[in-house]
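Have a look at the model first, then read on.

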Amino acid sequence: MSNNKLISLAAFGVLGLAAAFAPSLLLTRAREFVPVPGAAPDTKTWQAVAPGRVEPWSEQVRIGAPVPGRVAEVLVTINDTVFAGEALIRIDNIEVRTNLAKVEAEVNLRMRGRANPPPPKDARRRHVEDAAADQAQVVVEARSAVDRAEAARRAGTGSDDALKAAIAALSKAREQLTQRQTELARFEADTPSVVPTELEAKLAMARIDLRGAQAALDNLTIRAPISGTVLQLGVRAGEVASPAVPQPLLVLGDLSRLRVRAELDQRDVDLIKPGQPVLVRSAAFSGRDFTGKVSSIAPIIRPGSFGTRGQGSFSDIDVAEVLVELAEPGPLIVGMKVDVYFRDNKL
């Protein structure tokens, strides 16, 4: 083989290696990131640049089905704002409802079998036990009243004031239940020798079963764990929900504030500190900068999730997660890809 052919093959080999390593070189060192197309030329010195995604301050709260059953009602739509504890989805489960009816019948039977009036030595115990049990039922009814008030407000037949009043009544009912339960516990501790009669003991057990059955029924109503906005809705009335299905029924997020979760090359970790100012840029809003600051840096290094990953891929890098608090997110949308430019604190 002639010398010219050998030189040509060697040149092609060098070019091939350069092409293979080029993505890694661009991705692994943040300072070598290509600026967002259309953005104004940089005149500042950036200590590092990292890819990231916009997310709610609360992160995305993925809500699944707590129990299997048919979806009876979907009470919200995408973009609805909800309050913590609001009913979002109702699941129908005939076994749960049947068990509740059976336990309620048991409690009523035990109530009718009581001695009336009670013997003097049992009167105080009956008083505190009945007060706690009655107040627990008040809480159940107050929560149902909140659900009805919210449903009426969304349907246009109720008002914000009616909903606020129902929420206040529920809060008060819960406070009073705590007081009644405290009184019962104090009575049990102060008078251990005053034991209940057999009938009263059976009623107490039935009431415990009733609380469990009511909790199981309430568990069929999927409620918002936080106040926020409905970001995704993955179920419709009539479909079957199950805890075994990985896809969430609903995704919530608190959009009152947004932040960016960025992946910083591990070799740049020593350059970045909490409180450091940043600029955030998105290809969707070219030429526009969004300011923010570093709020936290994860104390662990892990493989990055941006870009193509795979065994033997030269673009695989190890990163630290950096959370960036946005001063004013403007039109940025949850899930949007952005680039985070970390400023030098000394400039």
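**The pocket and its helices**

The lining of the largest pocket splits into eleven nonpolar, three polar and eleven charged residues (Ala, Val, Leu, Ile, Met, Phe, Trp, Tyr, Cys and Pro count as nonpolar, Asp, Glu, Lys and Arg as charged, and the others, Gly among them, as polar). Keep in mind that this is a predicted model, where local features need pLDDT of at least 70, side-chain atom pairs count only at pLDDT 80 or more, and totals for chains, interfaces and linings use all residues. Residues are numbered from 1 along each chain as its sequence is written, and side-chain values use heavy atoms, with hydrogens and water left out.

**The largest pocket**

- Its volume is about 600 Å³, taken as the space filled by probe spheres set on grid points joined across faces, edges and corners.
- Of the 25 lining residues, V140, R143, S144, Q214 and D218 are the closest to the pocket's centre.
- A pocket here is an open set of points on a 1 Å grid over the protein atoms alone, where a 1.4 Å probe fits, with protein on both sides within 12 Å along at least five of seven lines; lining residues have an atom within 4 Å of a point.
- At least two lining residues come from each of β5 (87–92), α2 (94–112), α3 (120–155), α4 (160–190), α5 (198–218) and β6 (221–223); helices (H or I, at least four residues) and strands (E, at least two) are DSSP runs, numbered from the N terminus.
- The top contributor to that lining is α3, with nine residues.

**α2 with α5**

- The axes of α2 and α5 come within 9 Å and cross at roughly 155°; axes are lines fitted to C-alpha atoms, for helices over the stretch in contact, and angles run from 0 to 180 degrees between N-to-C directions.
- α2 and α5 are therefore roughly antiparallel (an angle over 145 degrees).
- By class, the contact of α2 with α5 has eleven nonpolar, two polar and seven charged residues, contact meaning heavy atoms within 4.5 Å.

**α3 with α4**

- The α3 and α4 axes come within 8 Å, crossing at roughly 160°.
- That makes α3 roughly antiparallel to α4.
- Their contact has 19 nonpolar, two polar and ten charged residues.

**α3 with α5**

- For α3 and α5, the axes come within 12 Å and cross at roughly 15°.
- That makes α3 roughly parallel to α5 (an angle under 35 degrees).
- In α3, R126, E129, D130, A133, Q137, V140 and R143 meet E200, R207, Q214 and D218 of α5.
- This contact of α3 with α5 counts two nonpolar, two polar and seven charged residues.

Conventions. Angles under 35 degrees count as roughly parallel, over 145 as roughly antiparallel, 65 to 115 as roughly perpendicular and the rest as oblique.
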